[in-house]
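Subject: A structure for you to look at

Hello! Here is the structure I promised to pass on to you. Please open it beside this email, and then read on for what turned up in it.

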Amino acid sequence: MSAAPVRNPNMVGRFPDVTFRYEEPEKVVVEKEEKREGGCKRWFRKICPCCCRTPSDDHDGTDTVVTITTDNGGEKPPTGSLELDEFLLSVQSVDLLKTRTGQNRVEHHTDRYYGDNLIIRRGQNFQMWIELSRPFDPSTDKIHLELRLGPTPLLHKGTLVIIPLVDDLQDNCWEAKITEKKGNKIKLSVNSLPTAAIGRYELTVATQTPKGSTTSRRNPDNDVYMLFNPWCEDDSVYMDNEEERKEYVLNDVGMIYYGTETQIGARTWNFGQFADGVLAACLFVLEQSRAPASGWGDPINVCRLVSAMVNSPDDQGVLEGNWSGNYMGGTAPTAWSGSVDILKQYHNKKGSPVKYGQCWVFSGVTTTVLRCLGIPTRSVTNFSSAHDTDVSLTTDVYLDEKLEPIDELNADSIWNFHVWNDCWMSRPDLPPGMGGWQVVDSTPQETSQGSFRCGPASIAAVRNGQVYLMYDAPFVFAEVNSDKIYWQRNADGTFSQIYCEKNVVGRSISTKAVGSDEREDITHLYKHPEGSEEERIAVESASRHGSKPDTYSIAASKDVTIEVTMEDQGPRMGEDVELSITLKNTSSEPRSTVLHGQVAVMYYTGVHKATVKKDDTLVELKPNEVQTVEWTLQYAHYKDQLVDQAALMLTLSGRVTQTNQVLATQFNFRLRTPDIVITPLGNAVVGKEMAAKFVFKNPLPRVLKSVKFRIEGLGLQNVREISYGDVAALATVTMTEKFIPTLAGPRKLLASLDCQQLTQTEYPHTVPADGAVGVEVE
């Protein structure tokens, strides 16, 4: 991956140095014929009234294109409608059995998608009825289906599909068999290829008899939507655990984690992959990529396309990133609580990027798109996530002669947290064992093969340090398992390595647990236990493929250790911060040091915004003594420097006088924001109005300006934004909102708050919307 050459104002807070579209077939316009109808035309209209109608002809069936074949020495074919039945076979109608409660949608696990289109999964059989102009005669008649995908369907590219009629169905190929006949109707059982390209196919039916052939015209209502199939063993996204399929494909609500390792917060996210308009929007994203549809059958390729298209720096993708703190002209990233509104805005605006997103928004939208297309996907949060800018596979901190940070050289950063995605698929392009979960990251950080995208990178490869395997494994490895190296500037301007922290990057890697709202720690999937021989071998193996392969030989005394801790869940916004610095002397001799402390307000990406306090503390340790120093940061120090996520970082460094041992550590923490307390009022019943009370207390001794609340809940309430206005210092806001539940079962009602002085306030509440059994709400 290569560094982005251009930084724009929205990248402030990201980087230290910044203060195939689907086209409808061309329509043919036929000018009105003013001349009197000729005899030949009258004869052909009599033979085939369905194709050559006068303006007064009534027509209620499926349009057909007809080709007449003659073998009687050039004599004119027999005329009359009775003779037509003897040698032509045309399609009158097609029934795809596509209702949400019908056999096809239920068996293909697509019954939750909004609308009555035929939505099926590849590699799996589906049923359809065809009504013909007369009974089908297998001894003389032939019939086949044609599917077209994309603007230029080609047979050899797999975007033009011919489905023949066969006597016995085979697996792993396109084919159809007649399973039932009723008069002029035939029922077909159709098999699809488990490697077929996904997308929206146009369906036509072609018939052939000894005397001629017909092809039905395309009806958009009969377009076939093909998705990946995690239930099909021959599909490369096959997942064998049903509970995991329910979670990673069918669950439309999830949790995304944020904060710091010691203060993990969770917010509910409405993925909404089955909502009205979302499937169309997701396919529109693929079309906007300008990539040929022939590549849409490979989940590796689709994930790379989606990773690039969810962000917008170089391809007018879904979301525009903004880390500046100024969100004028758009929606603050912290105000979003779901993907549906974002994707529908992008589709409705014909590909204009939606403003604005940050990592958790990019991840939430990516989860929605890939689950909608049928790829098992989850959002994953990595705490203390490194951003390696020079492919060294280390996170480098540069200090001056006085052990103070040199800000202009510290291009590498450690984000308090970073959110990406895991996607499930086989990797036939990699050695055996590299399939399973793959990292895909849509946040625009570095370029990969010329575009802002990342992955899919095999988690198994990352865990073992096999960073030479595609795609973008070095970048992901550095995010989760790079060592933090401290360098001190010498008198001659060179730098010497003075300290190495091996256990600060890639902490508490988290995702929502299967079947519950609990957090699951999946760090063990990404790396071996910290400090184990296996983990060190992986780090050293990976480093040999980086720009600094020889950075691990450093000798340092370990007589004195330093650790920063925080009580309970940490401080609330508006309060003073109290931390404990514990130093332990394990030697039998006294030790002393001067700790240089510096606390800075940080963007959650790890980029420095402002230093709010510096201090020096003399610490004298007796032999084998453990001493705790209480450290305080007053509200007045940080109140005017808060940014999104309210993240701060304390940097401590010092040198032990007696041994020259270097002490260095950094401690990230966030200020907890208040909850919006939601209380349902009355019973929640489908179709009946209910209410909920929302209570929020301003925690700051200052006025909150231009406060907006955002309320939504799948099956409860569409996205609703309430411009409340100003909230006085330490005041309490109480609101009551009414809504009508539309879906039964456990639902989530979400509320978030957006204002310049206070962000990331949200709280989900479970609302049981009970309805009559078997009621399906359209």
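At 14% relative accessibility, W487 counts as buried, because buried means under 20% relative accessible area, while exposed means over 50% and partly exposed is in between (1.4 Å probe, protein chains only). W487 has its place in strand β23. Helices (H or I, at least four residues) and strands (E, at least two) are DSSP runs, numbered from the N terminus.

A word on the ground rules before we go further. This is a predicted model, in which local features need pLDDT of at least 70 and side-chain atom pairs count only at pLDDT 80 or more, while totals for chains, interfaces and linings use all residues. Residues are numbered from 1 along each chain as its sequence is written, and side-chain values use heavy atoms, with hydrogens and water left out.

Back to W487. In sequence, W487 and D396 are 91 residues apart, yet their C-alpha atoms are 7.3 Å apart in space.

Now for the aromatic rings. A pair of aromatic rings is described by the distance of the centres and the angle of the planes. Rings of Phe, Tyr and Trp (its six-membered ring) pair if their centres lie within 6.5 Å; planes under 30 degrees apart count as stacked, over 60 as edge-to-face and the rest as tilted. By this rule there are 17 aromatic pairs. One of them joins Y398 and W487, which are stacked at 6.4 Å centre to centre with 20 degrees between the planes. This pair links distant parts of the chain, since Y398 is in strand β17 (residues 394-399) and W487 is in strand β23 (residues 483-489), 89 residues apart. Y398 and W487 are both buried. Elsewhere, one aromatic cluster is formed by Y248, W424 and W437.

The protein chain has 13 helices and 40 strands, and 54% of its 778 residues are buried.

Which residues of helix α10 are buried? They are A473, F475, V476, F477, A478, E479, V480 and N481. That is eight of the nine residues of α10 (residues 473-481), a helix that is mostly covered.

Seven of its ten residues are buried, so β36 is largely enclosed by the rest of the structure. Two strands pair if DSSP finds at least two bridges between them. β36 runs antiparallel to strand β37 (residues 717-727), and seven bridges join them. Across this pairing, F709 stands opposite I722 in β37. The hairpin of β36 and β37 has three residues between the strands, and there G715 takes a positive phi near 80 degrees. β36 also pairs with strand β39 (residues 745-754), again antiparallel, over five bridges; the bridge partner of R710 is S752 in β39.

Four strands make up an antiparallel one, in the order β2-β4-β8-β7. Its edge strands, β2 (91-95) and β7 (175-182), each pair on one side only. The twist averages 25 degrees from one strand to the next, where axes are lines fitted to C-alpha atoms, for helices over the stretch in contact, and angles run from 0 to 180 degrees between N-to-C directions. β7 and strand β8 (residues 185-191) share seven bridges, and A176 stands opposite V190 in β8.

The other sheet has three strands in the order β34-β35-β38, with antiparallel pairing. Its edges are β34 (677-681) and β38 (732-739), each pairing on one side only.

Last, the cysteines. How many disulfides are there? The count is zero, a disulfide being a pair of cysteine sulfur atoms within 2.5 Å. C173 is partly exposed at 24% relative accessible area, whereas C755 is buried at 4% relative accessibility.

Happy exploring!
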